[in-house]
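Student: I would like to go through the labels used for this model and see what each one rests on.
Tutor: Then let us take them one at a time, setting value against cut-off.

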Amino acid sequence: MEEQALKKEKVIQAKPIVKWAGGKTQMLNAIIPKVPVKYDRYIEPFVGGGALFFALNPEQAIIADSNPELINMYQQVADHVEDVIAYLGQYKNTKEDFYEVRAVDWTILPKAEAAARMIYLNKTCFNGLYRVNKKGQFNVPYGKYKNPNICDKDALYAASELLRRSVIVCGDYLSVLKEYAKSDDFVFLDPPYLPISEYADFKRYTKEQFYEEDHVELAKEVVRLQELGCHVILTNSNHPLVHELYAPFKIDVIPTKRYISCNGSKRKGEDVIVTIPPKRRALIQLVPESLPEQVKKYPPTRFMGSKSKLLTQIWTVASHFKFDTALDLFSGSGVVGYMFKAQGKSVICNDYMAMSAVFAKAMIENNHITLPLEEAKELLLPHQESDHFVAETFQGLYFSDADNDLIDTLRTNIAAMKDQYKSAIAMTALIRACTKKRPRGIFTYTGDRYNDGRQDLKKTLEQQFLEAVTVINKSVFDNGKINLAKNCDAMDLRVEQPDLVYIDPPYYSPLSDNEYVRRYHFVEGLARDWKGVEIQQNTQTKKFKSYPTPFSTRKGAADAFDKLFRKFSKSILIVSYSSNSLPTQDEMVALMSKHKEHVEVVPIDYTYSFGNQKEAKTNRNRVQEYLFVGY
């Protein structure tokens, strides 16, 4: 026992103690990266030489095989390693000794000696093969090795330590899996390969006969394991039936060498690794959660991409989690951030659009301040000469000359206001008034050719402004928390890690653009007073260049999501994205799964308020909205 204690002090990595036909040592570099980061127990029902088992060195494991001699060997190394080593010390590497030991019936030997016999024959026989004849007698010939390491004490001690904390079972793989496999276990399946097989000559008299119908049965068991919630990895040859049976799953083809083939031309082959993720029961159920009455006081908007119709579903998902702080990373209209505020959360709203930041300043960061109607009326009067910027730059494009003059007056008076929240309310009201006076509420065209006679279009700009001030004032409330409005690129935002992050970025689709600036450049210009932008005078709409965004290409969007998920990996993540956008649903799940242990997809049938130009009346604006949830 002193010698065993010394070996333990060296902390020797466990490794396979027998060579096994079809062993996975050469494939470990390809298999290990696919192993789940977290799992409960390791289960391998076709353990053989156990290359992956020894490499992973799991804390809890169930290993099994239908070969009773192999299982006896593992059990004895686990419980009686000193006895096994003592027996191994008696064996010699000679042809005569080999055949004398081979002739002995292992079942009549003491179990530790039977284990030593198997290790000895494995180390000295041809190519480390295991084969028995019809009578169950080992019949592989002598290997003629000059100096085989018959008794590798270090390897045996290291293996014994791992094997002692494992459950070792002799049995059929189906019975083993049905008895032991549970949700969150990791199951590694390395069955006898298809076709039936180049190893068949060496296995045909063992209990490991495995025919095509057995592989079909195994595939059914894999589906059961997935439904149970197990992580599964399966290896096999690159055979058409394997691709057929596991078509729904990720299959990687790996070039390998065949060490036991007598035909040199067959020593190169291709194996496959099939990765089967667990199918988890959805923890998030869309049983609608009612929203506070305060949410209804948020001014209605036709802002592109607004989630006003999805607030109940978003809150229903968010309510599954305990959180105090919420970040609305791409706040847009601000309605989601406002909903979180109404639920008593401390909210940070951010957007790269200045107008969105103004909305958030007026109604989310602001807890107390309102703009009295008399003060709002004063803003309509010229108290000092304006710069006439709107009147001169946008004459005849969007509004009448009189309205342009009024906009310039409001701009000038708002800029002179000292209270930041009253200023934000006034600017929000001006932006709302301008969008309500525009057919469709956007600035991608000039004139009023889309005038449909709505009442909003008949009201004066002054009426629209004062009505907007009134409705914004009613939306102001104190939730007892500190709330903030930010105006910066999401990638650059620096905040303390929030409990929950809601991400609703521009959706990338090859069928349409996601340029908010192109649609809202005029009111975005109002919010910024056209500072830091260059109007493109050659364009009919006098727009300015869109802000750079990674969400304008498929790769850019995927990279941006990856960076954001990494940045907020410690937060609960809820992402809104559309079924007709890219990355795809599977790609989004894969991206989020790199950073979150649990990922769920909640699909919601949704119809956009308006489509894309001529496609507005087609099915393209009827989609599924996805809520990707990572926790």
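Student: Why is Asn 67 called buried?
Tutor: Its relative accessible area is 6%. Buried means under 20%, exposed over 50%, and partly exposed in between, with a 1.4 Å probe and protein chains only. The value for Asn 67 falls under the cut-off, so Asn 67 is buried. This is a predicted model, in which local features need pLDDT of at least 70 and side-chain atom pairs count only at pLDDT 80 or more, while totals for chains, interfaces and linings use all residues. Residues are numbered from 1 along each chain as its sequence is written, and side-chain values use heavy atoms, with hydrogens and water left out.

Student: Where does Asn 67 lie, and which residues is Asn 67 in contact with, leaving aside its neighbours within four places in sequence?
Tutor: Asn 67 sits in the loop between β2 (61-65) and α4 (68-79). Helices (H or I, at least four residues) and strands (E, at least two) are DSSP runs, numbered from the N terminus. With neighbours within four places in sequence left aside, Asn 67 is in contact (heavy atoms within 4.5 Å) with Trp 20, Tyr 130 and Cys 170.

Student: Why is Arg 438 called buried?
Tutor: Arg 438 has a relative accessible area of 0%, and by the cut-off already given Arg 438 is therefore buried. Arg 438 lies in the loop between α19 and α20 (455-458). Beyond its neighbours within four places in sequence, the contacts of Arg 438 include Tyr 398, Phe 443 and Arg 454. Arg 438 and Tyr 398 are 40 residues apart in sequence, and their C-alpha atoms are 7.3 Å apart.

Student: What makes helix α15 mostly covered?
Tutor: In α15 (residues 354-365), 11 of its 12 residues are buried. Among them are Met 355, Phe 359 and Ile 364. The cover includes α14 (335-342), β9 (346-350) and α22 (516-528).

Student: How do you know that α23 is roughly parallel to α24?
Tutor: The axes of α23 (residues 554-567) and α24 (residues 585-593) come within 9 Å and cross at roughly 30°. Angles under 35 degrees count as roughly parallel, over 145 as roughly antiparallel, 65 to 115 as roughly perpendicular and the rest as oblique. The crossing angle is under 35 degrees, so α23 is roughly parallel to α24.

Student: Which residues of α23 and α24 make the contact?
Tutor: Arg 554, Ala 558, Phe 561, Asp 562 and Phe 565 of α23 meet Glu 587, Met 588, Leu 591 and Met 592 of α24.

Technical notes. Axes fitted to C-alpha atoms, helices over the stretch in contact; angles between N-to-C directions.
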